[in-house]
Amino acid sequence: MMQGALEPSTEMVPRLMRLSVGTDSARADLARLAGERMLEGTTRLARGVAGLAAAEERGENAAMSIALQEARHGLGIIESAISARAALDTSVAPAEVADAWLRSELGLPVPVSAQASPPLSSFHLALMTILLLFFASMVVIHYRRMRAIEALLAAPSAAASGSTSARAET
């Protein structure tokens with residue numbers, strides 16, 4: 001079953017992976033192939049739908065299943081042709097389009113690095129600035145408190161040593 005789902009991509013995905021952005025002859029060949037596959041997929045889809053309608057009238061479940069499989073195969077061919085045309089029409093690298101199409105066929109998630117990260121909003125930048133200022137002020141306050149504690153700890157010991165020397169003189 002999975003083999004049938006991958007059949008439409010057998011010619012298209014490797015060509016998209018190898019297609020360089022600058023070669024016009026390869027792009028023209030791929031556009032021609034995409035047109036042929038679109039026509040083939042449409043024909044298979046129509047044949048599958050017609051077979052499904054005929055099998056439904058006869059009440060043959062096995063024939064309906066075969067016709068539905070034919071229609072799905074036609075849809076797969078059409079999807080691969082649309083992906084090839086999208087690779088030719090957009091500024092996205094053809095290999096990335098082929099990879100995304102193959103991942104969608106296999107039900108795999110798109111990798112995080114391939115997903116575009118949204119730009120930082122002004123709210124996010126303002127919040128991060130406020131948090132940074134808060135952190136810096138906490139560091140300054142901590143530093144000042146430690147200096148004050150050191151001064152307090154140093155003052156009584158000096159006063160205590162001074163008072164004991166005063167008692168010793170008397």
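This note goes through the predicted model point by point, from its confidence to its helices, salt bridges and surface.

1. **Ground rules.** Because this is a predicted model, local features need a pLDDT of at least 70 and side-chain atom pairs count only at pLDDT 80 or more, while totals for chains, interfaces and linings use all residues. Residues are numbered from 1 along each chain as its sequence is written, and side-chain values use heavy atoms, with hydrogens and water left out.

2. **Confidence.** The average pLDDT (the predictor's confidence in each residue, from 0 to 100) is 78 for the chain, and 72% of the residues score at least 70. Where pLDDT is low, the predicted coordinates should not be read in detail.

3. **Overall make-up.** The chain has 6 helices and 0 strands, and its pattern along the sequence is α-α-α-α-α-α. Helices (H or I, at least four residues) and strands (E, at least two) are DSSP runs, numbered from the N terminus. Among contacts between residues at least 6 apart in sequence, 67% join residues at least 24 apart.

4. **Burial and surface.** Of the 170 residues, 19% count as buried, where buried means under 20% relative accessible area, exposed over 50%, and partly exposed in between (1.4 Å probe, protein chains only). The accessible surface of the chain comes to about 12000 Å², of which 65% belongs to carbon and sulfur atoms; such areas come from the Shrake-Rupley method with a 1.4 Å probe, and for residues only the protein chains shown count as cover.

5. **Helix 3.** This helix covers residues 24-58, and its 35 residues reach 51 Å from the first C-alpha to the last, close to the 51 Å expected at 1.5 Å a residue; the expected span is 1.5 Å times one less than the number of residues. Its buried residues are R27, L30, L33, A34, R37, M38, G41, G48 and A55. After helix 3 comes G59, with a positive phi near 80°.

6. **Salt bridges.** The count comes to 4 salt bridges, each being a side-chain nitrogen of Lys or Arg within 4 Å of a carboxyl oxygen of Asp or Glu. One of them joins R32 to E36, with the closest N and O atoms 2.6 Å apart; these two residues are separated by about one helical turn because they are 4 residues apart in helix 3. An α-helix has 3.6 residues a turn, so residues three or four places apart point the same way. R32 is partly exposed at 44% relative accessibility, and E36 is also partly exposed, at 42%.

7. **A link between helices.** R47 forms a salt bridge with E70, the closest N and O atoms being 3.4 Å apart. This pair links distant parts of the chain, since R47 lies in helix 3 and E70 in helix 4 (residues 61-89), 23 residues apart. R47 counts as partly exposed, at 49% relative accessibility.

8. **A nonpolar patch.** F123, L127, M128 and L131 form a nonpolar patch on the surface, with about 390 Å² of accessible area together. Patches are made of residues with over 30% relative accessible area and no salt bridge, like charges being joined within 9 Å and nonpolar side chains (Val, Leu, Ile, Met, Phe, Trp, Tyr) within 5 Å. F123 lies in helix 6 (residues 122-169) and counts as exposed, because its relative accessibility is 62%.

Definitions and conventions. Contact = heavy atoms within 4.5 Å.
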